[in-house]
Amino acid sequence: MTTTSDIEDLLSNIRACRACAHEFPHTPRPVVWIFPETRLLICGQAPGRRVNESGRPFTDPSGDRLRDWMGIDETTFYGDRRLGVAPQAFCYPGTKPKGGDYPPPPRCAALWREKLFATLPRQKLILMVGSYSINWFLKDRAKESMTETVRAWREYGPQLMPLPHPSWRVTGWMKRNPWFETDVLPHLRERVAQILG
């Protein structure tokens with residue numbers, strides 16, 4: 001049986017990890033926002049530059065959009081310990097010369113994800129945010145594209161829910177896929193309210 005001490009020990013080890021230090025031009029700063037009480041887990045891709053600087057997940061416009069999708073405010077997002085964030089990779093991977101961040105390094109998931117989920121067996125809802133997270137969780141259950149996987153969200157419930165990444169690029173995607181706002185978001189907000197209400 002997992003104890004609070006087990007979770008806290010693992011989180012300390014994750015925060016101390018420097019396994020990718022030789023690959024980054026910056027000092028690694030693992031960002032993981034998990035508590036023993038966490039029941040709603042957001043699993044995105046990797047921290048961006050702003051999150052690397054702040055040490056808190058989703059302290060950027062993507063976070064604003066995600067909170068809007070979930071129907072919660074910043075106070076709830078950062079203050080309710082039933083909500084946690086564990087990205088595919090815990091450190092900012094850096095920015096490509098032509099813009100956009102590098103993908104999450106696979107080493108991070110290989111080192112930590114199985115251990116983390118073994119200590120968090122009581123999740124009521126896991127939000128798989130973005131293609132990297134969706135593919136890690138669903139493997140061959142994922143559809144041919146992120147869009148088709150999100151469209152098939154009912155197949156993965158009630159514990160798993162696929163979402164696109166809430167970056168600025170999703171604006172055009174949402175216009176092309178209006179079902180996301182009419183079908184997916186109301187269900188997402190209802191589930192979040194049930195867990196945090």
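**View 1. Arg-49 and Glu-53 form a salt bridge, with their closest N and O atoms 3.3 Å apart.** A salt bridge here is a side-chain nitrogen of Lys or Arg within 4 Å of a carboxyl oxygen of Asp or Glu. The model is predicted, so local features need pLDDT of at least 70 and side-chain atom pairs count only at pLDDT 80 or more, while totals for chains, interfaces and linings use all residues. Residues are numbered from 1 along each chain as its sequence is written, and side-chain values use heavy atoms, leaving out hydrogens and water. Because Arg-49 and Glu-53 are 4 residues apart in helix H2 (residues 49–54), about one helical turn separates them. Helices (H or I, at least four residues) and strands (E, at least two) are DSSP runs, numbered from the N terminus. Arg-49 is partly exposed at 44% relative accessible area, and Glu-53 is exposed at 52%. Buried means under 20% relative accessible area, exposed over 50%, and partly exposed in between (1.4 Å probe, protein chains only).

**View 2. A salt bridge joins Lys-143 and Glu-155, whose closest N and O atoms are 2.9 Å apart.** This pair links distant parts of the chain, 12 residues apart: Lys-143 lies in the loop between helix H6 (131–138) and helix H7 (146–151), and Glu-155 in the loop between H7 and strand E4 (160–163). Lys-143 is partly exposed, at 33%, as is Glu-155, at 48%. The whole structure holds 8 salt bridges.

**View 3. Strand E1 (residues 40–43) has buried side chains pointing both ways.** Leu-40 and Ile-42 point one way, Leu-41 and Cys-43 the other. In a regular strand the side chains alternate between the two faces of the sheet. E1 runs parallel to strand E2 (residues 83–85), joined by 3 bridges, and Leu-41 stands opposite Gly-84. E1 also pairs in the parallel sense with strand E3 (residues 125–129) over 4 bridges, where Cys-43 has Met-128 as its bridge partner. Two strands pair if DSSP finds at least two bridges between them.

**View 4. Arg-191 in helix H9 (residues 179–196) is buried yet has no salt bridge.** The nearest side chain of opposite charge, that of Glu-190, is 7.9 Å away; Lys and Arg count as positive and Asp and Glu as negative, with His and the chain ends not counted. A polar atom of the Arg-191 side chain lies 2.8 Å from the backbone oxygen of Pro-158.

Notes: A polar contact is a pair of N or O atoms within 3.5 Å; within protein, one must be able to donate a hydrogen and the other to accept it, and residues adjacent in sequence count only if both atoms are side-chain atoms.
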